[in-house]
Structure formats: C-alpha cells, structure tokens
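Here's a quick look at the aromatic side of this structure. Which rings pair up, and how are they arranged?

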Amino acid sequence: MGTSRGEFGSRIGFIFAAAGSAVGLGNIWGFPSFAASNGGGAFLITYLLLSFLLAYPVLMAELILGRHAKANIISALAGISQKQWQKHIGFVVGVLGTLTAMLILSFYAIVAGWVIAFALEPFANLIGLNELALWFTEFSTGRNIIFMLAFMFLTMLIISQGVQEGIEKWSTRLMPALIIILLLLLIYVFFQEGALKGVKVYLIPDFSRLADIDLIISALGAAFFSLSLGVGTMVIYGSYIAKDENIVSLGFTVTLLDVGIAVLAGLLIMPAMYVAAENGVSIFNEAGALIKEDQLIFSVLPALFDTMGVTGVFIAFAFFVLMTIAALTSSISMLEVPVAYAVENLSIQRNKAAWLVGSVISIASLIIALNFGKLFGLVITVTTQYAQPLLSLVMCLFVGWVWYRNSLLNEVKAGFKKVEEGLFWKVWPNYVRFICPLIIVVVFLKSL
Ligand code: PHE
C-alpha cells in the first residue's frame with residue numbers, strides 16, 4: 001500500500017477479487033450446461049484436467065507478468081520485450097486483449113441483465129403484478145436494453161471507486177455471499193425427489209466420450225473463459241498483488257476456488273434438472289438431448305421454481321441473486337482492463353475513465369442488443385472461441401520466450417524465496433514455453 005497505483009490490501013482480498021473474476025456466468029451458466037450436453041462426468045474429467053494442466057499455467061504467466069510490470073497488459077507486454085519488433089507485437093496484442101475484454105463485457109452485460117430481471121420476476125408475481133412479471137421474463141429488446149444498462153451502471157459504479165474501495169471491498173463482500181447461497185441451494189435441491197438421478201448423470205462418466213474432440217474443445221474454451229484468460233484481466237489483477245506475496249500459491253488457490261465452484265454449480269444444476277423432470281417439466285429437447293444454456297437457466301429452472309409454490313419464490317430469488325453476484329464480480333474485472341489503461345497511459349482520472357469507458361461498452365452492448373440475432377452469437381464465438389485461446393497463446397510465448405528467464409525467476413522469488421527447490425519452478429517454465437502453446441495450437445486447429 002501507499003503507492004500511487006492501486007494495490008490489494010490483503011491476501012484474502014486478492015483471492016476473493018481474482019476468484020470473483022474467475023467465477024462468473026461461465027461457471028454457473030456455461031459449465032453445467034456444457035456438462036449436460038457433453039456426457040456429464042466425461043466433460044467434468046476433461047475440464048478438471050485442462051484447468052489444472054493448461055489453464056493454471058497460463059493464469060500464472062499472466063499474474064507473474066502483471067506483478068512484474070505493475071501495469072496493464074498493453075504496457076506489460078511491451079515492457080518485457082527486448083527488441084523493437086517485439087514491442088510492436090506486444091503493443092498490438094495488448095490492444096487486442098483489451099478490446100476483447102470490452103467485447104466480452106458487451107455481451108456479458110446482456111446476459112447479466114436477464115439474470116437481474118429473472119431475480120425480480122418472482123416478487124412481481126407474488127404481489128400480483130403479473131404483467132410486469134411476464135415482461136421481466138419474456139425476451140424483448142426493451143427489457144434486454146434496460147437491464148443491460150442497469151448492470152453496466154453497477155459495474156461502472158464499483159470500478160469508479162478504485163482497487164481497494166471498489167474491486168476488493170465488493171469482492172470480499174459478495175464472494176462469501178455467493179458461496180453461502182450456492183451451498184444452501186445445493187442442500188435444498190439435494191433433498192428433492194429426483195435429485196439423485198441428476199447426480200448420477202453428472203458424476204458417472206460416459207468414457208466413450210473422453211476422446212471426443214468436440215468435448216475437448218468445449219472443455220478448453222470453458223476453462224479459458226472461466227479463468228478469465230487472454231484478455232489482460234489477470235495481468236491487471238496480478239499487478240495489484242504486493243511483492244512479498246507468494247504468487248504461486250495465490251494462483252493455485254484461485255484456480256481451486258474457480259474449479260471448485262464450477263463443479264458445485266454442476267452439482268446444483270444437474271440434479272435441479274431432474275427434480276424439474278420429476279415435477280413434470282420437460283428437460284429434453286426434440287432430439288432427445290438435455291436442454292442447455294439459456295433455455296436451461298431461463299426456462300427449465302424457472303419452471304421448476306414455479307412448481308414449488310411460495311418456497312419457489314425465494315429459491316428463484318436466491319438463485320438469480322447468486323448469478324447476479326457471480327456476473328458482477330466478473331464484469332468489474334473486465335472493465336478494469338481498459339480503465340487501468342486509460343488511467344495509467346492516458347492520464348485520465350479513474351472516476352472519469354470508469355464512466356467513459358463503461359459508456360463506450362454500453363453502446364457496443366446496445367448495438368448487440370438491437371441486432372441480437374446477427375451479433376450476439378457471433379461476438380461470443382469470436383471472443384471466447386478464437387480470441388481468448390489465441391491471445392493466451394501469445395501470452396505464453398512472451399512469458400516463455402521473450403522475457404529473460406532471470407527476471408522472471410526474480411519476480412516469482414520476490415514472495416517465495418525457495419521457489420527453485422519446488423516442483424513449480426522445475427516444471428512450469430518449460431511448460432509455458434512448449435507444452436501450453438502446443439496444446440493450444442493443436443486444439444485450435446482441430447476446432448477450425
Ligand atoms: N471468468 C468469467 C466467467 O466465468 C468470465 C470472464 C472472461 C471474466 C474474461 C473476465 C475476463 O464468467
């Protein structure tokens with residue numbers, strides 16, 4: 001602390017903030033529905049392997065780079081470059097990463113807006129405002145825009161307060177709330193008729209699907225999206241970590257929390273689907289596959305809550321508040337990427353930068369909302385399936401090949417004196433140099 005740059009005030013503050021970034025709609029919306037449509041346990045195993053073997057090393061590359069540079073991704077990549085051409089590439093990649101973070105936020109805010117609307121719906125129904133309730137839950141451009149703007153407002157408000165007063169304070173308040181709500185919901189659903197069937201589908205792997213390339217590609221995308229990789233989020237959060245912190249264990253804790261919460265969310269959603277089936281809600285589509293993604297969260301689950309009477313009102317509210325919290329602690333980390341750049345490189349005041357950049361993103365979001373059919377899916381595919389893995393690849397190449405090994409070692413050593421004696425330093429440097437880029441390239445080419 002005491003620096004003119006922001007810094008997390010405590011170890012736990014960083015853990016909640018970074019885990020807050022990682023745990024988001026990806027975990028609670030994306031992961032369970034991917035698992036539902038990709039052979040349950042088989043997807044789970046692949047996701048766990050890829051998270052620890054591939055996403056964690058990339059996360060470490062970003063955190064270490066950020067703390068070393070004490071800067072946003074654009075300056076950080078240029079900063080470790082030795083040659084002029086590397087600086088140019090670093091700059092371009094940094095800009096692309098920052099733009100990707102902004103684009104991700106622009107579609108994310110729309111989904112987050114739905115979540116807020118769905119949280120309000122049960123109450124509107126309860127007090128007899130049935131038409132309003134219907135408006136909350138029916139797809140319309142008007143609803144999409146109003147709630148997107150509301151969500152963006154909250155995101156800008158938090159980011160305008162800065163690192164400790166905004167990001168850290170709100171993450172440390174919201175993340176424990178998220179974990180408690182998740183556990184309570186889980187316990188409740190577990191005791192409902194039909195839940196066990198869902199647990200079985202979720203946990204028993206269909207081994208024949210393990211070698212399925214589509215499954216691997218989905219799991220890789222989910223792991224990268226979930227750990228917020230490639231777009232400079234973890235670089236900027238890393239830059240706010242104090243020098244004397246053991247960054248290796250911090251990164252590992254964040255990965256564990258992220259993966260743990262994704263797995264728990266699956267353990268909530270899959271059983272909930274089978275409870276819904278037990279209550280007469282249809283959970284399979286015409287092709288006989290489990291309903292997934294937006295249909296799952298925004299139609300199957302609400303239908304389930306409807307069958308639960310007054311209890312359902314509170315369960316629905318708790319569930320969508322959970323999703324709102326998860327989305328908010330992620331969206332602030334996306335907005336922080338361009339805002340940090342505006343503050344540090346363009347000398348714009350944080351408060352102004354937050355509202356200004358946030359407004360630009362809101363406009364992008366507005367354009368997507370107005371051209372939903374054409375743009376929504378497209379932006380998701382371009383940012384998460386293409387940009388994130390490719391940017392992560394470049395990040396590995398910069399940290400593995402461009403950055404001087406000694407400087408890298410000193411950075412890790414700053415808060416972990418004996419790093420050279422441990423497994424991390426024996427494996428990780430060559431891992432980010434060779435293995436990570438190789439796997440990303442292979443999977444990426446396969447996905448084309
Ligand atoms: N990790 C977030 C989630 O799972 C999404 C995210 C992507 C956040 C990229 C920041 C940057 O929902």
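Trp-428 is buried, at a relative accessible area of 3% (buried means under 20%, with a 1.4 Å probe and protein chains only). Trp-425 is buried too, with 13%. Both sit in helix H18 (residues 423-447), 3 residues apart, or about one turn of the helix; helices here are DSSP runs of H or I with at least four residues, numbered from the N terminus.

A note on the model: it's predicted, so local features need pLDDT of at least 70 and side-chain atom pairs pLDDT 80 or more, while totals for chains, interfaces and linings use all residues. Residues count from 1 along each chain as its sequence is written, and side-chain values use heavy atoms, leaving out hydrogens and water.

## Ring pairs

There are 34 aromatic pairs in the structure. Rings of Phe, Tyr and Trp (its six-membered ring) pair if their centres lie within 6.5 Å; planes under 30 degrees apart are stacked, over 60 edge-to-face, and the rest tilted. Phe-298 and Phe-320 are stacked because their ring centres are 6.3 Å apart and their planes at 15°. This pair links distant parts of the chain, 22 residues apart: Phe-298 is in helix H13 (residues 293-306) and Phe-320 in helix H14 (residues 309-345). Phe-298 is buried at 12% relative accessibility, and Phe-320 at 1%.

Trp-425 and Trp-428 make a tilted pair, 6.4 Å centre to centre with 40° between the planes.

## Charges over rings

Arg-173 has its charged end over the ring of Trp-170, 4.7 Å from the centre (CZ of Arg or NZ of Lys must be within 6 Å of the ring centre and within 35 degrees of the ring normal). Arg-433 does likewise with Trp-401, at 4.0 Å.

Definitions and conventions:
Helix = DSSP H or I, 4+ residues; strand = E, 2+ residues; numbered from the N terminus. Buried < 20%, exposed > 50% of the residue type's maximum accessible area, 1.4 Å probe, protein only.
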